[in-house]
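Student: I have a two-chain model to go through. Can we take it in short questions?

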Amino acid sequence: MEPMTGLEFLKMVRATPTLKSVPFIMVTAEGKPENVIAAKAAGVSNYIVKPFNAVTLKQKISAVLGAF
Amino acid sequence: MSSTPQPVSKRLLEHMTQLLQRIEVAREEITALRPGQVRDVHLPAAGDELDAIKSATESATQTILDAAERISATARSLGEPGGKINDQVMRIFEACTFQDITGQRVTKVFSALKEIELTVSGLVRVVGALHGREIEAAPAVAPPAPAPEGERSLLHGPQLPGQQSSQADIDALFDSLPTASNKP
């Protein structure tokens with residue numbers, strides 16, 4: 001996701017006062033534990049690893065919006 | 001001072017002569033591999049093919065997605081039968097995520113090729129220098145890119161089948177982690 005990574009973008013969003021409350025689901029091919037840990041520490045709302053299906057996407061969106 | 005070599009010096013000289021002979025054999029074997037051709041012909045050709053793969057799959061995937069969206073729009077106007085059509089359209093959308101993963105894998109292969117190219121260029125220069133001349137003209141090679149830092153060090157791209165974490169694994173880890181203090 002050039003020029004910045006998804007994680008960099010997440011941090012930028014969370015650091016922006018008008019955007020920090022926006023639900024943020026990361027959809028990525030990066031599936032190592034270190035990626036999940038870094039994303040959660042940066043404030044991601046949920047994490048989907050590719051390849052994914054529509055059922056998973058709907059579940060995650062529902063969960064995130066339910067908590068929003 | 002005696003002009004007759006001492007035994008230790010003679011053995012050392014023999015070892016060094018054998019070492020030089022082995023180096024010469026290695027140089028000839030490496031030369032026979034035509035590393036210059038690998039670097040200047042085969043590797044660039046492989047890179048071009050990878051670019052073509054990436055470009056072609058992107059284009060074809062976009063065509064498929066565009067068509068699927070039109071089908072979906074038409075299906076919505078059909079009422080209940082359209083629902084069944086849209087279920088299949090969703091399968092098309094899901095399957096097309098392959099293209100993104102394929103693109104990332106191609107990028108990883110391309111990076112590996114660049115590393116091989118650097119190594120081959122280094123071999124050409126080192127072996128040529130040992131021989132006292134360049135085997136083949138080796139252009140100046142840029143130093144390898146510095147190791148990524150920060151968030152970029154976490155970028156590994158898609159994992160190989162059988163090695164990748166499942167969504168269930170990801171969910172279990174995610175739920176076990178503390179919520180960030182800056183998360184709403």
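Tutor: Start with a term: buried means under 20% relative accessible area, exposed over 50%, and partly exposed in between (1.4 Å probe, protein chains only). Helices (H or I, at least four residues) and strands (E, at least two) are DSSP runs, numbered from the N terminus. This is a predicted model, where local features need pLDDT of at least 70, side-chain atom pairs count only at pLDDT 80 or more, and totals for chains, interfaces and linings use all residues. Residues are numbered from 1 along each chain as its sequence is written, chains are lettered from A and ligands numbered from 1 in the order in which they are written, and side-chain values use heavy atoms, with hydrogens and water left out.

Student: In S2(A), what is the bridge partner of A:Met26?

Tutor: Two strands pair if DSSP finds at least two bridges between them. S1 and strand S2 (residues 46-49) of chain A pair in the parallel sense over 4 bridges. Within S2(A), A:Met26 is bridged to A:Tyr47.

Student: Is A:Lys50 buried or exposed?

Tutor: A:Lys50 sits in the loop between S2 and helix H3 (54-67) of chain A. Leaving aside neighbours within four places in sequence, its contacts (heavy atoms within 4.5 Å) include A:Thr28, B:Asp100 and B:Gln164. Its relative accessible area is 17%, so A:Lys50 is buried.

Student: How many salt bridges are there between chain B and chain A?

Tutor: A salt bridge is a side-chain nitrogen of Lys or Arg within 4 Å of a carboxyl oxygen of Asp or Glu. A:Lys60 forms one with B:Asp171, the closest N and O atoms being 2.6 Å apart. Between chain B and chain A the count is 2.

Student: Which helix gives the most to the side of chain B that touches chain A?

Tutor: Helix H3 (80-95), helix H4 (98-131) and helix H5 (167-176) of chain B each supply at least two residues of that side. The largest share is 6 residues, and it comes from H5(B).

Student: What area is buried between chain B and chain A?

Tutor: Buried area is the accessible area (1.4 Å probe) that two parts lose on being put together, summed over both. Here 30 residues of chain B are in contact with 38 residues of chain A. Carbon and sulfur atoms give 59% of the buried area, which is about 2,900 Å².
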